[in-house]
Amino acid sequence: MNSSNGNGSMSTASSSGAWNGRDQFPAGLRVLVVDDDQTCLMVFEKMLKTCLYQVTKCNKAEIALSVLREHKNEFDIVISDVHMPDMDGFELLKHINSEMDLPVILISADARKQVVMKGVTYGACDYLIKPVCIETLKNIWQHVVRKKARNTF
Amino acid sequence: MEVGQMQRRLVDYTKSLFMEGFLDAQFLQLQQLQDESNPDFVVEVVSLFFDDSEKLLNDLTMALDQPNVDFKKVDAHVHQLKGSSSSIGAQRVKNACIAFRSFCEEQNIDATLRCLQQVKQEYYLVKNKLETMLRLEQQIVAAGGSIPMIELGF
């Protein structure tokens, strides 16, 4: 999946199909990562790939949202930066929560309690403080399973 | 200079960057992410960081040069620089950004101008150090050697 326009871009690291088989789980977890900072985006992509996830990266929330709308069942989890120009992480989170059933993790260098609180109350399943280390990303599959389990009962 | 000597020099130099606080554990994470499928990962990320930071520093300089400073805008730029510097482990730049943000909140123009100077200084220092380190690595690889892994007791 590849698309780009003048103002923003996104790209997928691999083009293999849907996440297959519980044996390899969580390998193949389909992650959409959104951050307007290209340095951070590059580091996240590499870390997520190292976790054997299938990574799509995006530098604009609006593009991320339209991708999610067009490819509704092709992602397992969204990781988004909070402070971005135009649409920020909170708005993206609100849209995702109202339109689809995807866990969203917010990430920011902003560790202020009121901002973290906002993330949690808006429905982020986690709020991570930058810099994020790979060990944390290795555990994000729990949010996917937890949400699926909640929906089943 | 033979490869062993170059490798020792690189190890000592890299260690000093950690000891002096220019780099923190996050940089080690980046080095550990580098592998045969992505042998230039660290160079690429660091280069991106340099590009981004220089733009941000220019934006900051312009923003603080206005007759009516928009501190929200200044804060947004500093926040971004804090995020990217912390993502590559540029500790002193990150710390300079933290101080900068608190003065933005106070809307203190003199203090924020001083902070800008401080951030610029830290940025150019770490840029210089990283370029030196990466050059040493290149020389080792060109001479047929491998980059030694740094063991640090964190």
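Modeller: Helices (H or I, at least four residues) and strands (E, at least two) are DSSP runs, numbered from the N terminus. In this predicted model, Ser53(B) falls in helix H3 (residues 41–64) of chain B. Residues are numbered from 1 along each chain as its sequence is written, and chains are lettered from A and ligands numbered from 1 in the order in which they are written. Because the model is predicted, local features need pLDDT of at least 70 and side-chain atom pairs count only at pLDDT 80 or more, while totals for chains, interfaces and linings use all residues; side-chain values use heavy atoms, with hydrogens and water left out.

Biologist: What makes Ser53(B) buried or exposed?

Modeller: Buried means under 20% relative accessible area, exposed over 50% and partly exposed in between (1.4 Å probe, protein chains only), and with a value of 0% Ser53(B) is therefore buried. Leaving aside neighbours within four places in sequence, Ser53(B) is in contact (heavy atoms within 4.5 Å) with Leu81(B) and Tyr123(B).

Biologist: Why does Tyr123(B) count as buried, and what is Tyr124(B) called?

Modeller: The relative accessibility of Tyr123(B) is 1%, so that residue is buried, whereas Tyr124(B), with a relative accessible area of 46%, is partly exposed.

Biologist: How do you know that Phe90(A) and Tyr122(A) form an edge-to-face pair?

Modeller: The structure holds six aromatic pairs over all chains. Rings of Phe, Tyr and Trp (its six-membered ring) pair if their centres lie within 6.5 Å, with planes under 30 degrees apart counted as stacked, over 60 as edge-to-face and the rest as tilted. The centres of Phe90(A) and Tyr122(A) are 5.6 Å apart and their planes meet at 65 degrees, so this pair is edge-to-face. The pair links distant parts of the chain, 32 residues apart, with Phe90(A) in helix H3 (residues 89–99) of chain A and Tyr122(A) in the loop between helix H4 (113–121) and strand S7 (126–129) of chain A. Phe90(A), at 5% relative accessible area, is buried, while Tyr122(A), at 31%, is partly exposed.

Biologist: What makes the contact between Asp35(B) and Lys46(A) a salt bridge?

Modeller: A salt bridge needs a side-chain nitrogen of Lys or Arg within 4 Å of a carboxyl oxygen of Asp or Glu; the closest N and O atoms of Lys46(A) and Asp35(B) are 3.5 Å apart, so the term applies. The count between chain A and chain B is one salt bridge.

Biologist: How many residues of each chain are in contact, and what area is buried between chain A and chain B?

Modeller: Contacts join 20 residues of chain A to 24 residues of chain B. The buried area, meaning the accessible area (1.4 Å probe) lost on putting two parts together, summed over both, is about 1,900 Å², with carbon and sulfur atoms giving 59%. On the chain A side, Thr39(A), Met42(A) and Lys46(A) lose the most area to chain B, together 32% of what that side buries.
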